[in-house]
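Q: I would like a close look at one part of this model. Please start there, then walk me on to its surroundings in short steps.

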Amino acid sequence: MELPDPQAGEGEVVVRAEAVDTIYLETQIRGGWGARFGVIPPYVPGGAAAGTVVSTGPGVSPSWVGRRVVAGAGTRGSYAELVSAAVDRLVPVPNGLDLREAAALAHDGVTGTGIIERAGISPGDRVLILGAAGGMGTLLVQLARSLGAQVVGAARGEDKLTLVRQLGADAAVDYTESGWTDSVGDAFGGLPVDVLLDGVGGDLGTEAFHLVADGGRVSAHGAASGDFATVDAPDANARGIVVRGIADVQFEASEMTRLAGIALAGTAEGLMRPVIARTYPLSSADDAHRAMEARAISGKALLIP
């Protein structure tokens, strides 16, 4: 689809995108979840891109022109060559960090960093990560390990399990196999889970919840299985389990830019790395979506304008 080039309005810039982030949620919005997130067709998909500022609007310093940035934190319509974004939603990309890596962190780096902060992970905590081979799951594995946690990553298929181990997980479990929760228990030496980071949802998330220790912490933020996990709230309250959901990772713009800055800096310093599995031309965004829906990607898929 050809649209007129965007013009920077008051407080805005225009970014020439060099890499565009994709997330599984975008396939669900395209498939009918739009109303949940205020997206009404027809629309241009995408919520983040990395590139170079090429123009500024009224009220924005011209010094932004030429700077490498991530346009995230609520940017709409980023599946494009030129993307307009509010200046207060820009995050400068550190020197030495590739723009493709920066784009891969635009959503998952923000959400993953926020989840880890709120989970309060301490050295020795037993952490179970569902969807550990996905774009955000791969970051969560690395971040949890960097905090000294014992990490078990759950994914599907040997290739994804191998990746999870390579990223530093102490063990990897295939949650498509019967008795997978027993395998998690065995990996933790028969002890319960202190922190559950659920990026899958559905029945798998519900099954994993029963592994959580009294006083544990749960982030039920994922719905890759088709819906979020069903958590028994009275049981969680009675057992002192703190449960956070998708609403708890819908950050305000200022918080998103703060978390993005942390994620970009941490990657530049070698604390973690995004796993970029495939890149697609922008014109082949539909192929990227089909690959994500087929669970054919470990890590991130990016669009290249």
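Where is the place of P42?

A: This is a predicted model, so read every value below as computed from it. P42 sits in the loop between helix 1 (24-33) and strand 2 (49-56). Its link to P41 is a cis peptide bond. The omega angle there is about -5 degrees. Most peptide bonds are trans, and most residues other than glycine have a negative phi.

R295 is not a glycine, yet its phi is positive, near 60 degrees. R295 also lies in a loop, between helix 10 (285-293) and strand 13 (300-304).

Now step into helix 10. R290 and D286 form a salt bridge there, with the closest N and O atoms 3.3 Å apart. The two are four residues apart in helix 10, so about one helical turn separates them. R290 is partly exposed, at 47% relative accessibility. D286 is partly exposed as well, with a relative accessible area of 40%.

Next come the charged pairs elsewhere. Side chains of opposite charge can pair when their charged atoms come close. The structure holds 15 salt bridges. One of them joins the side chains of E255 and R118, at 3.2 Å from N to O. E255 belongs to helix 9 (residues 253-268) and R118 to helix 3 (residues 108-119), so this pair ties together parts that are 137 residues apart in sequence. R118 is partly exposed, with a relative accessible area of 29%.

E255 has another partner. R258 forms a salt bridge with E255, and their closest N and O atoms are 2.9 Å apart. R258 and E255 are three residues apart in helix 9, so they are separated by about one helical turn. R258 is partly exposed, with a relative accessible area of 35%.

The structure holds two cavities of 30 Å³ or more. The largest cavity has about 80 Å³ of space. R118 is in its lining, and so are I115, A119, V195, L197, R217, V218, S219, R244, D248 and V249. Helix 3, strand 9 (193-198) and strand 10 (212-220) each give two or more residues to that lining. By type, the lining of the largest cavity has six nonpolar residues, one polar and four charged.

In soluble globular proteins, nonpolar side chains tend to be buried together. The largest nonpolar core here has 50 residues. L197 is among those that touch the most other members, along with V70, I121, V127, I129, V141 and V151. Helix 4 (residues 135-146) gives the most to this core, with six residues.

Leaving out residues up to four places away in sequence, V70 touches A49, A50, R89, L90, V91, V93, A102, A106 and L264. Apart from this core lies another, of 22 residues, including V152, L204, A208 and V212.

Note on methods. Residues numbered from 1 in each chain as written. Predicted model: local features only at pLDDT ≥ 70, side-chain atom pairs only at ≥ 80, totals over all residues. Heavy atoms only, no water. Salt bridge = Lys/Arg side-chain N within 4 Å of Asp/Glu carboxyl O. Buried < 20%, exposed > 50% of the residue type's maximum accessible area, 1.4 Å probe, protein only. 1 Å grid on protein atoms, 1.4 Å probe; cavity = no way out; pocket = protein on both sides within 12 Å on 5 of 7 lines; lining within 4 Å. Points joined across faces, edges and corners; volume = space filled by probe spheres on them. Nonpolar A, V, L, I, M, F, W, Y, C, P; charged D, E, K, R; others polar. Core = buried A, V, L, I, M, F, W, Y, C linked by side-chain atoms within 4.5 Å. Contact = heavy atoms within 4.5 Å.
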